[in-house]
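Visitor: I have a new structure on the screen and would like to learn how to read it. Could you walk me through it, one feature at a time?

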Amino acid sequence: MSIIVNKYKCGYCGACVGVCPTGALELIETWIEVDNKCTGCGICQKVCPLGAIEVDR
């Protein structure tokens, strides 16, 4: 599982970064970086106010 961040929808607010339980997300300037610690739990998808994150299961 992994997550897909739609960079055209993402507002780079960092809400997903703050809720990630494994610290797999990082806000780097104007994009979200996802590393291999992502478990695909979907919490980031639920908190994204713009619906820019999709969990690929």
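Guide: Gladly! Let us begin with a pair of side chains: Asp35 and Lys37 meet in a salt bridge, at 3.9 Å from N to O.

Visitor: Are Asp35 and Lys37 buried or exposed, or in between?

Guide: Let me give you the cut-offs: buried means under 20% relative accessible area, exposed means over 50%, and partly exposed lies in between (1.4 Å probe, protein chains only). Asp35 has 31% relative accessibility, so it counts as partly exposed. Lys37, at 43%, is partly exposed too.

Visitor: Which residue touches Asp35 and Lys37?

Guide: A contact means heavy atoms within 4.5 Å. Setting aside residues up to four places away in sequence, Gly23 touches both Asp35 and Lys37. Gly23 lies in the loop between H1 and S2, and its relative accessibility of 40% makes it partly exposed. Gly23 and Val34 are 11 residues apart in sequence, and their C-alpha atoms are 9.1 Å apart in space.

Visitor: Before going on, where do these coordinates and numbers come from?

Guide: This is a predicted model, in which local features need pLDDT of at least 70 and side-chain atom pairs count only at pLDDT 80 or more, while totals for chains, interfaces and linings use all residues. Residues are numbered from 1 along each chain as its sequence is written, and side-chain values use heavy atoms, with hydrogens and water left out.

Visitor: How should I read the confidence?

Guide: pLDDT is the predictor's confidence in each residue, from 0 to 100. Where pLDDT is low, the predicted coordinates should not be read in detail. This protein averages a pLDDT of 93, and 98% of the residues score at least 70. Confidence is lowest in strand S1 (residues 2–5), with a mean of 91, and highest in helix H2 (residues 43–47), at 97.

Visitor: How many helices and strands does the protein have?

Guide: Helices (H or I, at least four residues) and strands (E, at least two) are DSSP runs, numbered from the N terminus. The protein has 2 helices and 4 strands, and they follow the pattern β-α-β-β-α-β along the sequence. The radius of gyration, taken over C-alpha atoms, is 10 Å, close to the 10 Å that the globule rule (2.2 Å times the number of residues to the power 0.38) gives for 57 residues, so the protein is as compact as a globular protein of that length. Along its principal axes, the C-alpha trace spans about 25 × 20 × 15 Å.

Visitor: What lies inside?

Guide: Buried residues make up 26% of the 57 residues. A nonpolar core is a set of buried Ala, Val, Leu, Ile, Met, Phe, Trp, Tyr and Cys residues joined through side-chain atoms within 4.5 Å. The largest one here has 12 residues, among them Ile3, Cys10, Leu25, Ile32 and Ala52. Ala52 also touches Ile4, Val5, Asn6, Lys9 and Cys10, not counting residues up to four places away in sequence.

Visitor: Which residues does Val17 contact?

Guide: Val17 is in helix H1. Leaving aside neighbours within four places in sequence, Val17 is in contact with Leu25, Glu26, Leu27 and Ile32. At 26% relative accessibility, Val17 is partly exposed.

Visitor: Which backbone angles deserve a look?

Guide: Look at phi of Tyr12, near 55°, a positive value in a residue other than glycine. Tyr12 sits in the loop between S1 and helix H1 (15–19), and is partly exposed at 26% relative accessible area. Phi of Glu29 is near 50°, again positive in a residue other than glycine. Glu29 lies in the loop between strand S2 (25–28) and strand S3 (31–34), and its relative accessible area of 70% makes it exposed.

Key
Salt bridge = Lys/Arg side-chain N within 4 Å of Asp/Glu carboxyl O.
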